[in-house]
Amino acid sequence: MEIDHTLRVYSGRCHCGAVRFTARTDLTGMMDCNCTHCRRRGSVLQPLAAADFELLSGADDLKSYRFNTEKIEHLFCRHCGIESFARGRDGKGNEMVMLNVNCLDDLPVIDRSTIGHWDGLGA
């Protein structure tokens with residue numbers, strides 16, 4: 001089954017379910033990153049405007065991690081260790097969320113050949 005690129009609201013969570021959220025996206029623009037952090041996690045990332053993301057539960061269960069330029073706040077569940085999303089700003093200063101697509105519920109299989117690549121090592 002292919003991903004339907006219609007704009008819709010997805011629900012998602014960390015592995016243990018302590019962190020739950022909704023995200024409004026069409027799942028175009030998915031990418032991976034080769035920085036030392038993302039490469040080790042193996043996430044598929046989807047950028048969203050902060051207004052298109054809502055944390056439903058688990059704010060107190062999130063731990064923050066910043067590295068390199070410390071501009072991105074990587075947030076992971078203190079119970080299961082999964083990073084469902086990160087927060088930061090885009091190049092224009094707009095608040096954004098970088099969603100880990102693998103944490104969405106009921107997500108069809110992703111055709112990995114359609115994922116763009118971000119050179120986090122060279123950025």
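1. Let's start with D61. This residue is buried, with a relative accessible area of 15%, because buried means under 20%. Please keep in mind as you read that the model is predicted.

2. Which residue does D61 form a salt bridge with? The partner is R78, and the closest N and O atoms of the two are 3.4 Å apart. D61 sits in the loop between β5 (53–57) and β6 (62–65), while R78 sits in the loop between β7 (73–77) and β8 (85–89), so this pair ties together parts that are 17 residues apart in sequence.

3. Side chains of opposite charge can pair when their charged atoms come close.

4. Next, have a look at R13 and D105. They form a salt bridge in which the closest N and O atoms are 3.8 Å apart. Distant parts of the chain are linked by this pair: R13 belongs to strand β1 (residues 8–13), D105 to the loop between β9 (95–100) and β10 (116–118), and the two are 92 residues apart. R13 is partly exposed, with a relative accessible area of 30%, and D105 is also partly exposed, at 25%.

5. Another pair to find is E73 with R66, whose side chains meet in a salt bridge at 3.9 Å, N to O. R66 is partly exposed, and its relative accessible area is 38%.

6. Finally, how many salt bridges does a search of the whole structure find? The search finds six, including the one between D61 and R78.

How values were computed. Residues numbered from 1 in each chain as written. Predicted model: local features only at pLDDT ≥ 70, side-chain atom pairs only at ≥ 80, totals over all residues. Heavy atoms only, no water. Salt bridge = Lys/Arg side-chain N within 4 Å of Asp/Glu carboxyl O. Helix = DSSP H or I, 4+ residues; strand = E, 2+ residues; numbered from the N terminus. Buried < 20%, exposed > 50% of the residue type's maximum accessible area, 1.4 Å probe, protein only.
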